[in-house]
Amino acid sequence: MSEHSPAVEGADEAADTDPKAPQGSSPEPAVDLRPAPDADPTPRVPAPTDRTGAASRSAKPPTRRALRRTLIALPVTLGVLVAGSYTATALLDIPSPPTLAQLLTTEPSQQGTLFATRTIPTPATPAPLPVHDEPLPAAVPWKGERVPTDQFLATTHTNAFLVLRDGQLTHEWYRDGVGPTTRMSSWSAAKSVVSLLTGQAIAQGRLRESDRLVDILPRLKTGGAYDAITVRDLLDMTSGVDVPENYNEYYPLTGTARMYLTRDLPAFAHDHRDLQFPPGSQGVYRSIDTELLGQVLAKVQGRPLADLLADNIWAPMGAQDSATWNLDHDNGNEKAFCCINATPRDYAKLGQLVLNNGRAQGKQIIPLAWIKRIATAAPHKVDGWGYSAQWWHPPGGNGKDYSAVGVYGQYIYVDPVSRTVVVKLSDYGDQQDEKETIDALRAIARSG
C-alpha cells in the first residue's frame, strides 16, 4: 500500500526507503525472485522493486505493508493493455482493462470505489466524538531535523489528520477536497481490524490460536508442512506461505498484486500453498496470512467479514458513518488483507476503542485479554519491527505504543502512556518513511 503508483497495497510497497524497523533494525528479508509456479505468461513489464537498503528496512515496517509493491498499477495495467484486451483479463480472472486503467488516475485513498463492496451501515445510534480543541506542536522531528508540522503533513501527502486525547477530538485537519465524511481506504490497516474480529471469535469459543488452518478449511490440505499452519501463525505473520509482497519484473501478476486483483480469493489461496520457511519458525510480512485469517473467520462465524464488523464493532462502538469493505467480486469475499473504506473519525473511534481496553459505550466490545495480546509483541519480529496479532510495535519510543499501518501512509497510532490516538490517512507512495512518521506521531502524542 504505497502511494505514488496507483497500486495495490497488498503488494507491499515495493521500494521502501527507510528501514522499517517496523520496524526494527535488522535487514529486510531478501525477496524471492523466482517466478511463482502459477505465474502467467503475460508480457514482461517492469514492476516495482525493493530499492530500500537493509538499513532502511530496519527502521521501517517493510514494504510489506500490503500492497506497496503490489502496486500493480502501472505495470499491471500497461502489461495487460499492451498484451491486449478483455480476453487477457478474463483468462487471468482480474478486472477488465478499463478498471485497470482507472488505477492509474485514481489516488490510492479512493481506489476502493473501483471494486465491488459490501456495506457496513451507520449504526442506529451513532456516538459523535466529544471535541476539545488544542493546537498541534509547531514542529515535529523529521529525518534528523525539526520541520513545521504543516510541512510534515504536506510532505507526506496527508489527506486527514486527527488527534484524540482521553477520548476527546483535540485536532482535526483535512486537505482541500477532503472532509469528515470522506471515505478513505485503510489499505493494510484493515489487518488490525481483522485482528479485533479474531479476538472476539476466540472469546466466543469459536476459534483457538492453536487451531490448524486446514482443520477449518480442509480444501487447503496438502499432506505436507503447510498443514501445520495455525491461527497463531497467521496472526503473527509466521506462516511461511510463499506469496511475496513484491513481484519480479518478468511476472508482474504474481504475489500480493495478483491477490489484490483476483476475482476469486479462495481459489488464489488454494493455488498458493508453497512455503518459504517452516510455519512458526520466523516472522515475515505476508498479506496472504491475513487473507487466510479472514477466510477462517468467515467460516467459523458463518458470516461475511463486513457483517461481523457491522454488528460486533461498528454498531456497539457508535461509529458515526457507514463504511464499505472491498470484495473480490459482486457479493463475493472481503479482501481481508486490505481495503476497508471509512471516514477519518471512525478510524479514530477504532483507535480509541483499543486505547480504552476494548470498551466503548459502557460495554466491553473487544475482550481485555485480546487488547493485552495485541499490546505485547510476539516472539518473532516482522521485518525488523515488533509485531503482534496484526498490530505493529515500532522500535524506540516508550515501548508501549503500537499502530495499525497501511501501505500508502495510513496510521491508527495508539499510545496508552499519553492516552493519545493519532489517525493519519495519506497518499504517500512507496517512499513510506514509516519509522520517521511514527517518530513525528510520537512527538505529537507527547506534546499534550
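Analyst: What follows sets some computed values against the cut-offs behind the terms; the model is predicted.

User: Why is the pair of Tyr285 and Trp392 called stacked?

Analyst: Two rings pair if their centres lie within 6.5 Å, and planes under 30 degrees apart count as stacked. The centres of Tyr285 and Trp392 are 5.6 Å apart and the planes are at 25°. A search of the whole structure finds eight aromatic pairs.

User: What makes this pair a link between distant parts of the chain?

Analyst: Tyr285 lies in the loop between α10 and α11, while Trp392 belongs to strand β12. The two are 107 residues apart. Tyr285 and Trp392 are both buried.

User: How do you know that the charged end of Lys335 sits over the ring of Tyr260?

Analyst: The distance part of the test asks for NZ of Lys within 6 Å of the ring centre. For Lys335 the distance to the centre of the Tyr260 ring is 4.3 Å. Tyr260 also belongs to an aromatic cluster with Phe115, Trp187 and Tyr408. Lys424 likewise has its charged end over a ring, that of Phe152, at 5.5 Å from the centre.

User: Why is Pro316 called partly exposed?

Analyst: Buried means under 20% relative accessible area and exposed means over 50%. Pro316 has 21%, so it falls in between and is partly exposed. Pro316 is in the loop between α12 and β7. Leaving aside neighbours within four places in sequence, its contacts are Ala310, Asp311, Ala360, Gln361 and Ile365.

User: What makes α12 largely enclosed by the rest of the structure?

Analyst: Seven of the 10 residues of α12 are buried, so the helix is largely enclosed. Among them are Leu305, Leu308, Ile313 and Trp314. The cover over the buried residues of α12 includes β1, α6, α11, β7, β8 and α13.

User: How are α6 and α11 placed against each other, and which residues meet?

Analyst: Helices α6 and α11 pack at an angle of about 35°, with axes 10 Å apart. Their crossing is left-handed. On the α6 side the contact is made by Lys191, Val194, Leu197, Thr198 and Ala201. These meet Ser287, Thr290, Leu293, Leu297 and Gln301 of α11. The residues of this contact divide into five nonpolar, four polar and one charged.

How values were computed: Residues are numbered from 1 along each chain as its sequence is written. This is a predicted model: local features need pLDDT of at least 70, side-chain atom pairs count only at pLDDT 80 or more; totals for chains, interfaces and linings use all residues. Side-chain values use heavy atoms; hydrogens and water are left out. Axes are lines fitted to C-alpha atoms, for helices over the stretch in contact, and angles run from 0 to 180 degrees between N-to-C directions. Helices (H or I, at least four residues) and strands (E, at least two) are DSSP runs, numbered from the N terminus. A crossing is left-handed if the near helix is turned anticlockwise from the far one by less than a right angle, and right-handed if clockwise. Contact means heavy atoms within 4.5 Å. Ala, Val, Leu, Ile, Met, Phe, Trp, Tyr, Cys and Pro count as nonpolar, Asp, Glu, Lys and Arg as charged, and the others, Gly among them, as polar. Rings of Phe, Tyr and Trp (its six-membered ring) pair if their centres lie within 6.5 Å; planes under 30 degrees apart count as stacked, over 60 as edge-to-face and the rest as tilted. Buried means under 20% relative accessible area, exposed over 50%, partly exposed in between (1.4 Å probe, protein chains only). A charge sits over a ring if NZ of Lys or CZ of Arg is within 6 Å of the ring centre and within 35 degrees of the ring normal.
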